[in-house]
Amino acid sequence: YSLAIDKAGYFPQSFPDIIVDGASAGNADLVVGDLNITAQRSISGQVQWDDGEPVTNAIVHVMTFRGGTYSRSAFIATVNTNQRGEFRIEGLRARRYMVFTYQRSQIVAPGQAIRVALPVFYPGAERPENAQLLDMRMMRDVSGVSMIMKEERGVSIEGTVTAETLMPGAPVQLGLIIPGIPTPAMVATQTRVGDPFRLYPVPPGSYLLFARGADSSQSILTSGAPLEPSVTAMPLTVNRETPIRGLEVNLPAATVIEGKVELDEAGQAQPAKISPATNVELFFEWLPKMESEYGILSNGVGD
């Protein structure tokens with residue numbers, strides 16, 4: 001048999017390969033011992049603007065923290081704040097977590113004014129390395145988590161897109177991504193090769209301006225879109241009340257990288273014994289890191 005345990009507030013747990021053999025055991029009861037199940041954890045709180053107003057429809061992320069740094073794996077949980085700026089994240093395991101929130105200016109509640117701010121890492125930092133971790137290993141629930149967004153005056157970024165391999169008029173998508181933070185584009189727009197573009201409103205900060213030539217049905221606001229040959233990302237610093245105009249973003253032609261991976265199979269203190277390394281995966285990653293599948297290329301090696 002496979003014994004399954006399901007209890008509200010706990011993670012389902014199964015215990016396979018339980019053998020009930022009445023013939024050889026003389027129909028005696030089977031004692032399996034203690035069976036442990038793990039309680040689910042939850043984090044709740046509120047996101048507010050610095051003037052006390054709740055941030056409606058803010059995105060709240062929870063990331064794991066292991067080995068002295070935050071995990072670059074997919075988000076553990078993602079929720080949106082309600083009309084009162086409140087959120088609750090459930091179904092967490094007994095680990096340490098980092099919580100941060102942000103609001104994309106193009107996604108706000110109907111009828112509300114657009115307010116912009118950089119992401120906030122609990123309790124009030126602008127960078128993940130300055131965040132305070134929530135240790136859920138000994139606690140089942142952490143409530144009253146408060147994060148304050150500092151409203152900034154957004155500025156505009158204006159320019160044109162050129163391309164080495166795309167024809168004039170080809171569709172291009174642009175977005176501002178904060179390096180090291182695995183979020184969708186903070187501000188995004190679409191244009192065409194040779195046409196002007198405008199990103200607005202943009203809070204001050206350090207970004208990667210990501211651009212790629214793509215079919216208009218694909219969007220850089222969601223993950224999962226494949227990388228196109230015409231793609232680039234350039235570091236960009238936006239200062240307070242200083243718009244950027246006349247920016248030229250060039251989509252370069254794709255570059256081929258070729259080489260060989262070899263393995264030294266010689267034992268310790270033995271002469272080198274070089275042979276081709278098979279079954280190896282190669283990864284190329286853009287710097288500054290984008291913390292998303294964009295900017296990470298992978299391939300295998302041949303025989």
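This note walks through a predicted model, point by point.

1. **Ground rules.** Because the model is predicted, local features need pLDDT of at least 70 and side-chain atom pairs count only at pLDDT 80 or more, while totals for chains, interfaces and linings use all residues. Residues are numbered from 1 along each chain as its sequence is written, and side-chain values use heavy atoms, with hydrogens and water left out.

2. **Overall make-up.** Of the 303 residues, 37% are buried. Buried means under 20% relative accessible area, exposed means over 50%, and partly exposed lies in between (1.4 Å probe, protein chains only).

3. **Surface and contacts.** The accessible surface comes to about 17300 Å². Carbon and sulfur atoms hold 49% of that surface. The areas come from the Shrake-Rupley method with a 1.4 Å probe; for residues, only the protein chains shown count as cover. Now take the contacts with a separation of 6 or more: 66% of them link residues 24 or more positions apart. A contact means heavy atoms within 4.5 Å.

4. **The four-stranded sheet.** An open sheet runs in the order β14-β13-β16-β17, with antiparallel pairing. Two strands count as paired if DSSP finds at least two bridges between them. From one strand to the next, the twist averages 20 degrees. Axes here are lines fitted to C-alpha atoms (for helices, over the stretch in contact), and angles run from 0 to 180 degrees between N-to-C directions.

5. β13 (residues 171-177) and β16 (residues 205-213) are antiparallel and share six bridges. Gly175 sits opposite Phe210 in β16. As background, strands of a sheet pair through backbone hydrogen bonds, either parallel or antiparallel.

6. **The three-stranded sheet.** Another open sheet has the order β7-β3-β11, and its pairing is mixed. Its edge strands, β7 and β11 (141-149), each pair on one side only. Here too the twist averages 20 degrees from one strand to the next. Strand β3 (residues 41-49) runs antiparallel to β7, joined by five bridges. Look for Gln46: Glu86 in β7 stands opposite.

7. **A nonpolar patch.** Tyr1, Val20, Leu30 and Val32 make a nonpolar surface patch of about 450 Å². Patch residues have over 30% relative accessible area and no salt bridge; like charges are joined within 9 Å, nonpolar side chains (Val, Leu, Ile, Met, Phe, Trp, Tyr) within 5 Å. A salt bridge is a side-chain nitrogen of Lys or Arg within 4 Å of a carboxyl oxygen of Asp or Glu. Tyr1 lies in the segment before β1 (3-5). Its relative accessibility is 70%, so Tyr1 counts as exposed.

8. **Asn82 in a loop.** Asn82 lies between β6 (77-80) and β7 (86-92). With a relative accessible area of 28%, Asn82 is partly exposed. Which residues does Asn82 contact, leaving aside neighbours within four places in sequence? They are Val55, Thr56 and Asn57. Asn82 and Ala58 are 24 residues apart in sequence, with 8.2 Å from C-alpha to C-alpha.

9. **Val62 in a strand.** Val62 belongs to strand β4 (residues 59-66). Val62 is buried, at 0% relative accessible area. Phe100 is 38 residues away along the chain, and the two C-alpha atoms are separated by 6.7 Å.

Notes
Helices (H or I, at least four residues) and strands (E, at least two) are DSSP runs, numbered from the N terminus.
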